[in-house]
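Thanks for coming, everyone. I'll walk you through one structure today. Please bring it up on your screens.

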Amino acid sequence: MAKLHLITYGCQMNEYDSERVAGLLGRQQYELTDREDEADLILINTCAIREKAEEKVFSRLGELKGLKQKNPGLLIGVMGCMAQLQQSAILKRAPIVDLVFGSPAIARVGELVERARRERRPVLETGEGALVKLTGILPRPDRLKAFVTVMEGCDKYCTFCVVPLTRGRERSHAPESILEEIRGLARQGYREVTLLGQNVNAYGKDLTPATDLAALIESVNEVEGIERIRFTTSNPVNLTSRLIQALRDVPKACEYLHLPLQSGSDRILERMNRGYTRARYLELIAELQETVPGLALSTDLIAGFPGETEADFEATGEMVERVGYDSVFAFRYSPRPRTAAAAFPDQVPEAHKGRRLTRLLEVAGAIQARKNAALEGREMEVLVDGVSKKNPRELAGRTRCNRVVNFDGGGRRLYGELVRVRITQAMPHSLRGTLVGRAQ
Ligand code: SF4
């Protein structure tokens, strides 16, 4: 069998795509290898969300040059968002690349690899293709938690974001094909699914008949064997009362929501084309907190978006305090090619971005520590998914609100089990606890 080495950067969607590619190429007699020096085909699944992510790919390609010289038969491919965005620029800058293809072409990966091998000249495939649901192809060794793509693309055109350019317009998979995939996962022993979409709560609007994410979650709740349902990433614009109620009422839906804010300033939100104001965002937060007891909230923030003044930045910090997020993912603004904001004249100096980012992370970290500390003494349900990173004699898992908990399992084999753990100590990024017993 030929050997495939996969390198994945970026988001969960990319991890999911890499699994699909491995599954599809498995049908063509490619088996996965961890070692790039024994590979016949190396595929790099890329991210284009920040310039840094792209630079990482180019430096990785530079490292692979030597391998290609030693083994001229080695095929090297670049797939994913950066492939879609940069297209032929990749072939120019990294002539060792034999194949460049975007996400819409994943279903045809086998044919593209064969073409690159046969034609011995670079193959470029970045057109928009039909939406194909590739289900349950690669059984993963852990068989516990799985990502399931329910929709692709985004129509929102936030001025900083490349997703509409790399992943195309919003398109939902049919509920039946999603449920078939999830039933297959449950049969293999998976217990948690995360429904994925760049704009996941816009799910179903484009289908005939139209449906929504709440209805999908209700159906997934009926799948025997699946114990937990998560979904990401939600957009405040598409967050409905129906979905908020589903978070409360559907037993397997976890009390956790990632709701990107990006900025706390109305002026900046407008320049970002986010489609909501801070007042509207706060209304949603109030509804969420009133409706779903114990809901954990996380968010994305951008520091130093073009034109962001100190006052705009302060407004973001103030929102972080006001909402009291359980966790925050903050990044400095990075101009992306072909996005509107990259051409805005009032770019913020890097030093300001860095300082603002550090400040946001400090504020968010203090809140997170406070919220973790409030959980001390509480008994929480944990899905055991491995061992503690720091102490392999301890077990680790996640709460429904997505916090990592490390605890002494008393030597019991509890992998994949739902257990109850009493929280004894809160750390900045995780919790420690003692095992109470198996969850009912
Ligand atoms: S909604 Fe999200 S994916 Fe869509 S353009 Fe905005 S940031 Fe990008």
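This is a predicted model: local features need pLDDT of at least 70, side-chain atom pairs count only at pLDDT 80 or more; totals for chains, interfaces and linings use all residues.

Now the loops. Look at Thr233. Thr233 sits in the loop between strand E11 (228-232) and helix H9 (241-249). The peptide bond joining Thr232 and Thr233 is cis, with omega about 5°. Another cis bond runs from Thr208 to Pro209, and there omega is near -5°. Pro209 lies in the loop between strand E10 (192-196) and H8.

Next, positive phi angles. Asn273 is not a glycine, yet its phi is positive, near 60°. Find Asn273 in the loop between helix H10 (266-272) and helix H11 (278-291). Arg338 is in the loop between strand E14 (327-332) and helix H13 (350-373). Arg338 has 13 C-beta neighbours inside 10 Å, so it counts as partly exposed.

On to the domains. The domain assignment gives domain 1 (2-125), domain 2 (145-373) and domain 3 (379-438). Take the centres of domain 1 and domain 3 over C-alpha atoms: they are 37 Å apart.

What about the interior? In soluble globular proteins, nonpolar side chains tend to be buried together. The largest nonpolar core here has 103 residues. Within this core, Val78, Leu99, Val148, Val150 and Val193 touch the most other members. H8 contributes the most, with five residues. Domain 1 (2-125) and domain 2 (145-373) each supply at least three residues to this core. A separate core has 13 residues, including Val384, Leu395, Val419 and Val421.

Zoom in on Val148. Leaving out residues up to four places away in sequence, Val148 touches Ile178, Glu181, Ile182, Val193, Leu195 and Leu196.

Last, a helix pair. Helix H7 (residues 175-187) and helix H8 (residues 213-221) have axes that come within 10 Å and cross at roughly 35°. The crossing of H7 past H8 is right-handed. Which residues in H7 meet H8? They are Pro175, Ile178, Leu179 and Ile182, and they meet Leu216, Ser219 and Val220 in H8. The residues of this contact are six nonpolar, one polar and no charged.

That's my tour. Over to you.

Key. Residues are numbered from 1 along each chain as its sequence is written. Axes are lines fitted to C-alpha atoms, for helices over the stretch in contact, and angles run from 0 to 180 degrees between N-to-C directions. Helices (H or I, at least four residues) and strands (E, at least two) are DSSP runs, numbered from the N terminus. A crossing is left-handed if the near helix is turned anticlockwise from the far one by less than a right angle, and right-handed if clockwise. Two residues are in contact if their C-beta atoms, placed from the backbone, lie within 7 Å. Ala, Val, Leu, Ile, Met, Phe, Trp, Tyr, Cys and Pro count as nonpolar, Asp, Glu, Lys and Arg as charged, and the others, Gly among them, as polar. Domain bounds come from an automatic or database domain assignment. A nonpolar core is a set of buried Ala, Val, Leu, Ile, Met, Phe, Trp, Tyr and Cys residues joined through C-beta atoms within 7 Å. A residue is buried if 20 or more other C-beta atoms lie within 10 Å of its own, exposed if 12 or fewer, and partly exposed in between; C-beta atoms are placed from the backbone.
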